[in-house]
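Good morning, and thank you for making time for this presentation.

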Amino acid sequence: MLAPPPASAATRKNPPAPAAATEAGAGLPRGLKQRHLSMIALGGAIGAGLFVGSGVGIGAAGPAIVVAYVLAGGLVLLVMRMLAEMSAADPATGSFSVHAAKALGPWAGLTAGWLYWSLLVVSVAAEAIGAADIMTDWLPGVPGWVWMTLFMAVFTGSNLAAVRRFGDLEFWFAGLKVTAICIFLLLGALAVCGLLPGSAAPGAAHLTGHGGFLPHGWHGLALGLVAAVFAYGGLETVTIAAAESADPVRAVGRAARTVVWRICLFYIGSMAVIVTLLPWDSSTAHISPYSGTLERMGIPGAGHLMNAVVLVALLSAMNANIYGSSRMLYSLVHRGDAPRTLGRVTPGGVPRNAVLASAAFGFAAVVLSVVWPDTVFRFLLNAVGATILIVWFLIGLSQLRLRRRRVRRGDAGDAEPPVRMWLFPHLTRLTLLAIGAVLVVMVLEPDSRTQVLCTGAWAALLIVCGLVNGRRGRARRAAHAGARHRAG
């Protein structure tokens, strides 16, 4: 089902009461093109977590981090295939939250939507802090809060403009990141082969030395897998943005077929280059693996170069996360799971109040990070720490239920969606088991247990709110039906 045409001016001022049949993307113009969506998908997953956070995985798994990224890449490929199947059959601004509501009930849609919204807005704050840190290193005379305020203002403004302006900005941001990764891979391949001037091929010395390929055993590989899984988060944004494209079905299908493979290539290729050229147990590999690898290649100014790339990655992620959180909030409004005033749309087709609310919460989180960095803000980070795994699990359950529902209806068109999950239902079940296994590893590990427990508590609260909200909604509908019956 495609999104309906933009709403009238009267509808924008007074959004209709939510109903089960209301399309989550109603009132939003289709201003994004295929080139925008492709780069949004690529840029959404190539963030600071890859350039800096990968050092945590290397420290845990050693050279086996390559295997961890292969396994995590396979998992995210399956999750995105399931999400693409549902989004191609029913494009919606709320993406997986809409599918969860239809498959599992309104409580699941509310839970998935608010979980993802909270993840994105807290991530905006974390990215603003990281970007400000880089700027204060370059210009120490300017306080960090000035940079945070400037970045928040700029990207709030970009998201208040027409969606095509957001798409253009994100296109160039993502293009810079992709170019940087490609250059890194090219230089890395030359260095591994000993073809760079002044370099010698390292062979397998760093892969088999320093404790071997699995220096911390299978436990280390499991921890590296957890780090790799979180590094891949962000690809979901493309299915949220697809509802605002001219051809959502084609856009989602193309993203599912091409973008995920490219992401896996960038991640796996980067890790292979790093652990081949750098000793995995060096401090450089843990703190700044990309800068350390470039320095090993003899690239001048490698540290400043990578800081510039990380800055672009952080700013791009801020821009994309404000967009994604505002669209998720807008979708929640149209399903009765958020205040109606947040659903108002400008004449240009921008959900202004949803953008402002998402940016305001992100800015509030920035303030908390300055005032209470080790208490309140750390609690917020823990509360959303395992969100992506819960969202992926709901995606798997939703696809399993919706695909079976289409098959039971017996309609050939519905049973054959434009994009289909492979080997259904076996791979879907395997994906759910794999996500559960990653959660178990996190619970068993003291460093990540708090994240799972905090996120689980937040999810449980949302489930309760969803069940209560659903019960009230049924009571209101029953009362309205009784009133119409009496009037008739």
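Accessible areas here come from the Shrake-Rupley method with a 1.4 Å probe. On that basis, the protein chain exposes about 20,000 Å², and carbon and sulfur atoms supply 68% of that area. Please bear in mind throughout that this is a predicted model.

Let me continue with the chain as a whole. The protein chain holds 22 helices and zero strands. Of its 488 residues, 55% are buried. If we take the contacts between residues at least 6 apart in sequence, 80% of them join residues at least 24 apart.

I turn now to helix packing. Two packed helices are described by the angle between their axes and the distance between the axes. The crossing of the two helices is right-handed. Which residues of H5 and H11 make the contact? On the H5 side they are Ile65, Val67, Ala68, Tyr69, Leu71, Ala72 and Leu75; on the H11 side they are Leu221, Gly224, Leu225, Ala228, Val229 and Ala231. Sorted by class, the contact of H5 with H11 comprises 12 nonpolar residues, one polar residue and no charged residues.

The next pair is helix H8, residues 144-160, with helix H17, residues 352-371. Here the packing angle is about 170°, and the axes are 10 Å apart. An angle over 145 degrees counts as roughly antiparallel, so H8 is roughly antiparallel to H17. From H8, the residues Met148, Thr149, Met152, Thr156, Asn159 and Leu160 take part. They meet Arg352, Val355, Leu356, Ala359, Gly362, Phe363, Val366 and Val370 in H17. In the contact of H8 with H17, nine residues are nonpolar, four are polar and one is charged.

Next, helix H4. How many of the eight residues of H4 are buried? H4 spans residues 54-61 and is mostly covered, with six of the eight buried. Those six are Ser54, Gly55, Gly57, Ile58, Ala60 and Ala61. After H4 comes Gly62, which has a positive phi near 70°.

Finally, the loops. Between H5 and helix H6, residues 96-104, we find Pro91. Is Pro91 buried or exposed? Its relative accessibility is 3%, so Pro91 counts as buried. Pro91 and Pro248 are 157 residues apart in sequence, yet their C-alpha atoms are 6.2 Å apart in space.

The loop between H5 and H6 also contains Ser95. Ser95 is not a glycine, but its phi is positive, at about 50°. With a relative accessibility of 0%, Ser95 counts as buried.

His210 also has a positive phi, near 55°, in a residue other than glycine. His210 is located in the loop between helix H10, residues 205-208, and H11. Its relative accessible area is 38%, and His210 is therefore partly exposed.

I end with a peptide bond. The bond from Phe424 to Pro425 is cis, with omega near 0°. Pro425 lies in the loop between helix H20, residues 412-415, and helix H21, residues 426-444. Thank you for your attention.

Key:
Residues are numbered from 1 along each chain as its sequence is written. This is a predicted model: local features need pLDDT of at least 70, side-chain atom pairs count only at pLDDT 80 or more; totals for chains, interfaces and linings use all residues. Side-chain values use heavy atoms; hydrogens and water are left out. A crossing is left-handed if the near helix is turned anticlockwise from the far one by less than a right angle, and right-handed if clockwise. Helices (H or I, at least four residues) and strands (E, at least two) are DSSP runs, numbered from the N terminus. Contact means heavy atoms within 4.5 Å. Ala, Val, Leu, Ile, Met, Phe, Trp, Tyr, Cys and Pro count as nonpolar, Asp, Glu, Lys and Arg as charged, and the others, Gly among them, as polar. Axes are lines fitted to C-alpha atoms, for helices over the stretch in contact, and angles run from 0 to 180 degrees between N-to-C directions. Angles under 35 degrees count as roughly parallel, over 145 as roughly antiparallel, 65 to 115 as roughly perpendicular and the rest as oblique. Buried means under 20% relative accessible area, exposed over 50%, partly exposed in between (1.4 Å probe, protein chains only).
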